[in-house]
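Subject: Structure for you to look through

Dear colleague,

Please find the structure below, and have it open while you read the notes that follow.

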Amino acid sequence: EDESRLLQRLSRLAAETEALSSATNYRFSASRAYYALVRQRTADLREVRLEGLQPPGEFLFRRLRPAMETCEAVALRQDTLSRRIAHASDLLRTRVDVALEQQNGDLLRSMDRRARLQLRLQNTVEGLSVVAISYYLLSLVAYVTKGVKSAGVPVDVDIAVAVGFPLVVAAVWFGVRRIRHKITKQKDSGD
């Protein structure tokens, strides 16, 4: 938040500096043009130096040159300030971008961790589902076998359940994996 506020402040300063430069640049350009015109006109006069007297052009330039140097110095300071603000803004933007990339990386790592936990949970639930469905189906096999035994067919219920156990568990495990594979394939294809 501090960096965002600082970036906004720097952006405001950059805008103010640019506005000030725009406003003064016109005046400084006009002053340079006027100074060049005065120099040209003074040169056109072809003044001759008289003993003991200062030529008017020399008098004029002794007073005009410091003002022009001040204008140039102020223009240079404004330009330097503008470049420094732009440089500071670029550095701060880079810093903010790096911080955002770090936050995005942390977020992606967190999402990856959650996805792994979710996959583990899904595998656990899948295993429990295989156990629960197998238990239910083996109970049905036991009831059917008891019913068949009651009908007079010589069948041992415990042996029937023991023989059916690996078949039922394998069929349920294969069925659950096939359903998961089918769902995953549909999710990956976007259906």
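Which residue forms a salt bridge with Asp-90? The partner is Arg-93, and the closest N and O atoms of the two are 3.3 Å apart. A salt bridge here is a side-chain nitrogen of Lys or Arg within 4 Å of a carboxyl oxygen of Asp or Glu.

Before going further, please keep in mind that this is a predicted model, in which local features need pLDDT of at least 70 and side-chain atom pairs count only at pLDDT 80 or more, while totals for chains, interfaces and linings use all residues. Residues are numbered from 1 along each chain as its sequence is written, and side-chain values use heavy atoms, with hydrogens and water left out.

**Salt bridges**

Side chains of opposite charge can pair when their charged atoms come close. The structure holds seven salt bridges, and the pair of Asp-90 and Arg-93 is one of them.

Another salt bridge joins Glu-58 to Arg-62, with the closest N and O atoms 3.4 Å apart. Glu-58 and Arg-62 are four residues apart in helix H2, which means that about one helical turn lies between them. Glu-58 is partly exposed, with a relative accessible area of 28%, whereas Arg-62 is exposed, at 52%.

The side chains of Asp-112 and Arg-116 also meet in a salt bridge, at 3.0 Å from N to O. Both residues lie in helix H2, four residues apart, or about one turn of the helix. Asp-112 has a relative accessible area of 41% and is partly exposed, and Arg-116, at 44%, counts as partly exposed too.

**Aromatic rings**

A pair of aromatic rings is described by the distance of the centres and the angle of the planes. Rings of Phe, Tyr and Trp (its six-membered ring) pair if their centres lie within 6.5 Å, and planes under 30 degrees apart count as stacked, over 60 as edge-to-face and the rest as tilted. By this rule the count comes to one aromatic pair. The rings of Tyr-35 and Phe-61 have centres 5.9 Å apart and planes at 85°, so the pair is edge-to-face. The pair links distant parts of the chain, with Tyr-35 in helix H1 (residues 2-45) and Phe-61 in helix H2, 26 residues apart. Tyr-35 is buried at a relative accessible area of 14%, and Phe-61 is buried at 12%.

**How two helices pack**

Helix H2 (residues 56-150) packs with helix H3 (residues 157-189) at an angle of about 145°, and their axes are 8 Å apart. The axes are lines fitted to C-alpha atoms, for helices over the stretch in contact, and the angles run from 0 to 180 degrees between N-to-C directions. The residues of the contact of H2 with H3 divide into 15 nonpolar, five polar and five charged, where Ala, Val, Leu, Ile, Met, Phe, Trp, Tyr, Cys and Pro count as nonpolar, Asp, Glu, Lys and Arg as charged, and the others, Gly among them, as polar.

**Other places to look**

Leu-92 is in helix H2 and, at 7% relative accessibility, counts as buried. The C-alpha atoms of Leu-92 and Leu-6 are separated by 8.2 Å, although the two residues are 86 apart along the chain. Arg-46, placed in the loop between H1 and H2, has a phi near 50°, a positive value in a residue other than glycine.

Technical notes: Buried means under 20% relative accessible area, exposed over 50%, partly exposed in between (1.4 Å probe, protein chains only).
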